[in-house]
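Me: I am new to this structure. Please take a close look at one part of it for me, then connect that part to a few other spots.

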Amino acid sequence: MPDDCLFCRMASGAIPVDKVHEDELVFAIRDINPQAPTHVLVIPTRHVASAAELTDEDGPLAARLFQVAAEIAANDGLGDGWRLVTNVGRDGGQSVGHLHVHLLGGRAMGWPPG
């Protein structure tokens, strides 16, 4: 765990956050700057810099990110649809160097995204 990683510090409890989900593989928090009525970050508890670093061994982790997002979407009443986004690298819009998936919903999503 890098000492300067914001999400690792949240996962360890060094930075207290209100988690909407937590298990051995992932935790989820509401985004502090929401871009939709529902905007939740689903984050691995173990440090992975981005989706570009996932390997075959990370299959259970990748599946869990999607499962938890679907559970939260159902709990938040997003039956009409929702979007999952993960950013990779600076040009991809990644602002924290720790893999995370944005769950966005509660409004119609446009295409293409910006």
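This is a predicted model: local features need pLDDT of at least 70, side-chain atom pairs count only at pLDDT 80 or more; totals for chains, interfaces and linings use all residues.

Reply: D31 lies in the loop between β2 (26-30) and β3 (38-44). Is D31 buried or exposed? D31 is buried, yet it has no salt bridge. A salt bridge needs a side-chain nitrogen of Lys or Arg within 4 Å of a carboxyl oxygen of Asp or Glu. For D31, the nearest side chain of opposite charge is R30, and R30 is 11 Å away.

What does the side chain of D31 reach? It reaches the backbone nitrogen of N33, at 2.7 Å. Now leave aside the neighbours of D31 within four places in sequence. D31 is then in contact with H39, V40, L41 and H102.

Next, a charge and a ring. The charged end of K19 sits over the ring of F27. The distance to the ring centre is 5.0 Å. As for aromatic pairs, the structure holds 0.

Move on to G77. This residue is in the loop between α2 (59-75) and β4 (82-85). G77 is exposed, because its relative accessible area is 60% and the cut-off for exposed is over 50%. G77 and P34 are 43 residues apart along the chain. Their C-alpha atoms are separated by 17 Å.

The peptide bond from W111 to P112 is cis, with omega near 5°. Most peptide bonds are trans.

Key: Residues are numbered from 1 along each chain as its sequence is written. Side-chain values use heavy atoms; hydrogens and water are left out. Rings of Phe, Tyr and Trp (its six-membered ring) pair if their centres lie within 6.5 Å; planes under 30 degrees apart count as stacked, over 60 as edge-to-face and the rest as tilted. A charge sits over a ring if NZ of Lys or CZ of Arg is within 6 Å of the ring centre and within 35 degrees of the ring normal. Helices (H or I, at least four residues) and strands (E, at least two) are DSSP runs, numbered from the N terminus. Buried means under 20% relative accessible area, exposed over 50%, partly exposed in between (1.4 Å probe, protein chains only). Lys and Arg count as positive and Asp and Glu as negative; His and the chain ends are not counted. A polar contact is a pair of N or O atoms within 3.5 Å; within protein, one must be able to donate a hydrogen and the other to accept it, and residues adjacent in sequence count only if both atoms are side-chain atoms. Contact means heavy atoms within 4.5 Å.
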